[in-house]
Amino acid sequence: MIRIDIRQKRFGNDVVLGPVSFDIAAGETIVLTGPSGIGKTTLLRLVAGIDPDFDGQIVRPDRLAIVFQEPTLLPWRSASDNLILVHPSLSRADVEAALTDVGLDGKGNLFPGQLSLGQQRRLSLARAFAGQPEFLIMDEPFVSLDAETVETMLTLTEDLIAQHGPATLFVTHSQSEAQRLSNRILNLISGPDGAVLG
Ligand SMILES: Nc1ncnc2c1ncn2[C@@H]1O[C@H](COP(=O)(O)OP(=O)(O)OP(=O)(O)O)[C@@H](O)[C@H]1O
């Protein structure tokens, strides 16, 4: 069980969030939507533990993976090494299997700059799932991809979630992505004092 209970999040004197409370059950996918600037990324950073500076409490498992808007790969390391550096216990066979799962079989020796943007996103998904996360956080992972690639990536993400079964919190602007992936959609709206769930 993942429990989010944020009373308030401020940057200086600006109140951005709160109160925002919800639970995520094991294996559940929650999609978080809301207008630009409302506080979605801020909320994800609190939930992930990247930003500990807020009033409230968050209960989350240790085995956590985050997929950001940008693939955040190490450009001077091969595709395989990008997985191994984050998950040192993976065998070569595990790495090959993880790459194969995302359609990158045979590409382990290539550097990120030698991969297309879509392939870099695939590698970033492989890295996230290779750690068998109990909790997966995704912050608009398919922005700036063409419609066909988004469709392919959505199907791949659905398959990987079904295969690995993490609880997932997914931020997107896209209603079609939200409908497609979610067990539950949460919408952040502007409240009297910071964003709240609508
Ligand atoms: N480090 C920071 N210092 C001060 N203000 C910040 C900081 N990070 C975010 N904010 C402010 O918090 C508010 C929410 O930003 P956030 O990035 O969480 O919105 P968002 O809903 O993710 O937007 P988008 O959909 O455009 O990515 C904005 O007003 C932003 O300017």
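Figure 1. S144 lies in the loop between β7 and α5, where helices (H or I, at least four residues) and strands (E, at least two) are DSSP runs numbered from the N terminus. This is a predicted model, in which local features need pLDDT of at least 70 and side-chain atom pairs count only at pLDDT 80 or more, whereas totals for chains, interfaces and linings use all residues. Residues are numbered from 1 along each chain as its sequence is written. Phi of S144 is near 60°, a positive value in a residue other than glycine. S144 is exposed, because 11 other C-beta atoms lie within 10 Å; a residue counts as buried with 20 or more other C-beta atoms within 10 Å of its own, as exposed with 12 or fewer, and as partly exposed in between, the C-beta atoms being placed from the backbone.

Figure 2. Q132 is not a glycine, yet its phi is positive, at about 50°. With 11 other C-beta atoms within 10 Å, Q132 is exposed.

**Figure 3. The surroundings of the ligand.** F11, V16, G34, S36, G37, I38, G39, K40, T41 and T42 surround the ligand; a residue is included if its C-beta atom, placed from the backbone, lies within 6 Å. Helix α1 (residues 40-48) supplies the largest share of this shell, 3 residues. The shell has 3 nonpolar, 6 polar and 1 charged residues, with Ala, Val, Leu, Ile, Met, Phe, Trp, Tyr, Cys and Pro counted as nonpolar, Asp, Glu, Lys and Arg as charged, and the others, Gly among them, as polar.

Figure 4. Within α1, the residues K40, T42, L43, L44, L46 and V47 are buried. Just after this helix, G49 takes a positive phi of about 85°. L43 touches L17, V20 and L32, residues up to four places away in sequence not being counted; contact requires C-beta atoms, placed from the backbone, within 7 Å. The largest nonpolar core has 43 residues, of which L32, L43, V47, L99, A126, I137 and L169 touch the most other members. Such a core is a set of buried Ala, Val, Leu, Ile, Met, Phe, Trp, Tyr and Cys residues joined through C-beta atoms within 7 Å. Helix α4 (residues 117-130) gives the most to this core, 6 residues.

**Figure 5. The contact between the two domains.** The domain assignment gives domain 1 (1-63 + 133-198) and domain 2 (75-131), the bounds coming from an automatic or database assignment. The C-alpha centres of domain 1 and domain 2 are 25 Å apart. In domain 1, 11 residues are in contact with 9 residues of domain 2. Helix α5 (residues 147-164) contributes 6 residues, the largest share of the side of domain 1 that touches domain 2. That side of domain 1 comprises 7 nonpolar, 3 polar and 1 charged residues.

Figure 6. Q8 is found in strand β1 (residues 2-11) and is partly exposed, with 15 other C-beta atoms within 10 Å. Its contacts, not counting residues up to four places away in sequence, are V15, L17, G18, F54, D55 and G194. Q8 and F54 are 46 residues apart along the chain, and their C-alpha atoms are separated by 6.2 Å. G18 is joined to P19 by a cis peptide bond with omega of about -5°. P19 is in the loop between β2 (14-17) and β3 (20-24).

Conventions. Contact = placed C-beta atoms within 7 Å.
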